[in-house]
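I opened the model with the sequence beside it. These are my notes on what I looked up.

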Amino acid sequence: MDMTWTDEAKNRLARVPEGFMRNMTKTRIEGFAKEKGVNLITLEIAEDVVGEARKAMTGMPVLKGFNSGMGGTVKPAVAGLKPATTTSSVYKCNLCGYVAEGSAPHRCPVCGAGRNRFELIDKPSADSELVKEVKWNPDAIERLEKIPAGFMRDMTRWRIEKMARQKDIAAVTLDLMQEKYDYWAEGSAKVQRMLKWSKDAEEKIERIPSFVRGMVIKEVEALAEKKGLKEITTKLIEEAKDVWGGSMEFHSEPVSVGETLVVSRNREGTSPIEALGDRRSFPTRDFHGKTHQHEFLEQLKRDVFSHEAVNHPFLERFSKGGLTVEQVNTFAIHYYQHAKMFSHYIANIIPKIPHEWDRMSMVKNLMDEYGNLSPEKTHPALFRKFLMALGLEKKDWKKIKPIPEVTNFIDRLTMLTRYEPFLIGLGAVGPGVEWLIPAMFKKIVAGLKKSVSLEENDLEYWTSHIILDVEHGEAATKILTNYLHGKDTGDMLRKGAMKSLEARKILWDGFERLLGF
């Protein structure tokens, strides 16, 4: 994969000492970008990797023997972590409460959660307690160390400590461990194998403690179904372990006291939590009614409509008109590369939607994208009509290599809708796109009318979206309200919307550069 660096990212790399250190940093940054499936390296990506390296070198607090997979012994207590005191950005792990300065780490050093579990927060006060200390009684440590060292012990330890914090318990005892074990066992006991297991996989699964074995079976088979596999192998088990290791939780783990217990599967073979893709439980304490949902959505609307992607200088400049034919044509053929892909993003989300009636609503959206099966009315066809009205030919938009910012936008929306949980994907294309398209496209239509002579029918791609996406945005809102069960689900929607908008902002940056604004 060819990598393109923004000027800001290049300048950041240049600040690293020349020679071995800079070369190693460059390799790490490009490796991270490749891992994430993007080919545009921005300042944000560079800062993330450089920040991680700096923290590793400066002795960032890490729990010895935790999440190492090296067979280390369990320490009796978790050391309290000092709060952030600088004015830099502050990120909080929404699993354990650990706070990081500067940028969100790729892995939480306390609980092992992935980077997607960090959220930007206000700087905490100097005397705030960020991670509550949880001690272990000697007999509890002895029992924990009977679990094979590595992934399973780390995960068990983290989940028990989380339970202790939720219950405001200062020390883990045998009774508390047993309570958690019994809870896990309740879900595991109900699981039956549905697929064929290889002999090696059978032997491996039998070595897993019985109280979580059923949930492991369920998760591994769910991953197999997702991949279209008919037999479980040891390789698949290891792959599933890598997924759990990033969050220290099962996709469909029974939830804790005070929350809804979800262990059954629906007719599509997926539990509600699995269908939503959420690796955590759904708290019932937050969105108790429509009022709280309304407040959340209104705040989300304020946040997305005030985002720079919606009020970008490129849009303001474009709306004033006075563009040359060359500028309009250049913009059109590059934007088309994204426009022709939008139906793919919608199609990625539909199979993940848990309920049939909500899927039908999104299918209607997809049908609109395909012109309700009228070939000349599909949205890509409408855009090609616009291109031909500009005097462009098929070879013009076929031979073009999209600018990196366009490719990045396509990659980001593909990742958000195909690989992320359903609610993140819906946030990306609902609040993150369709809520905003009418406002953005009105500016583009205004600029086009002031720059080139076109018939109203030639602008149908743009003008139809100004109308249709009001309806599509309302449909997306109706769907997402059915799954707004608490802060966790709200956070996922917000994350999808903001990630989409961040990519859109980069897209407009690219067009601003390309058109010489």
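What is the handedness of the crossing of α19 and α21? I found it left-handed. A crossing is left-handed if the near helix is turned anticlockwise from the far one by less than a right angle, and right-handed if clockwise.

Ground rules next. This is a predicted model, where local features need pLDDT of at least 70, side-chain atom pairs count only at pLDDT 80 or more, and totals for chains, interfaces and linings use all residues. Residues are numbered from 1 along each chain as its sequence is written, and side-chain values use heavy atoms, with hydrogens and water left out.

**Overall.** I counted 22 helices and nine strands in the protein chain. Both are DSSP runs, numbered from the N terminus: helices are H or I with at least four residues, strands E with at least two. The protein chain has 517 residues, and 52% of them count as buried. Buried means under 20% relative accessible area, exposed over 50%, partly exposed in between, with a 1.4 Å probe and protein chains only. I then looked at contacts, meaning heavy atoms within 4.5 Å. Among those between residues at least 6 apart in sequence, 75% join residues at least 24 apart.

**Helix pairs.** Back to α19 (residues 422–434) and α21: their axes come within 9 Å and cross at roughly 150°. Axes are lines fitted to C-alpha atoms, for helices over the stretch in contact, and angles run from 0 to 180 degrees between N-to-C directions. The two helices are therefore roughly antiparallel to each other. The cut-offs: under 35 degrees is roughly parallel, over 145 roughly antiparallel, 65 to 115 roughly perpendicular, the rest oblique. On the α19 side I listed F422, L426, G430, P431 and E434; they meet D469, H472, G473, A476, I479 and L480 in α21.

I checked α20 against α21 too. Their axes come within 9 Å and cross at roughly 160°. That makes α20 roughly antiparallel to α21. This crossing is left-handed. Residues making the contact include F441 and L448 of α20, and W462 and D469 of α21.

**Helix α16.** Residues 379–389 form this helix, and H379, P380, A381, L382, F383, F386 and L387 are buried in it. These buried residues pack against α13 (325–339), α15 (356–369), α17 (394–398), α20 (437–451) and α21 (460–481). G391 follows α16 and has a positive phi, near 90°.

**Cores.** A nonpolar core is a set of buried Ala, Val, Leu, Ile, Met, Phe, Trp, Tyr and Cys residues joined through side-chain atoms within 4.5 Å. The largest has 74 residues, and F331, Y335, W462 and W508 have the most contacts inside it. Helix α22 (residues 487–514) gives the most to this core, with nine residues. Apart from it lies another core of 14 residues, among them A140, M163, L176 and M177.

**T417.** I found T417 in helix α18 (residues 404–418). T417 is buried, at 1% relative accessible area. Its side chain makes a polar contact of 3.0 Å with that of N348. A polar contact is a pair of N or O atoms within 3.5 Å; within protein, one must be able to donate a hydrogen and the other to accept it, and residues adjacent in sequence count only if both atoms are side-chain atoms.

**L236.** This one lies in helix α9 (residues 234–245). L236 counts as buried at 3% relative accessibility. The C-alpha atoms of L236 and V220 are separated by 7.1 Å, with the two 16 residues apart along the chain.
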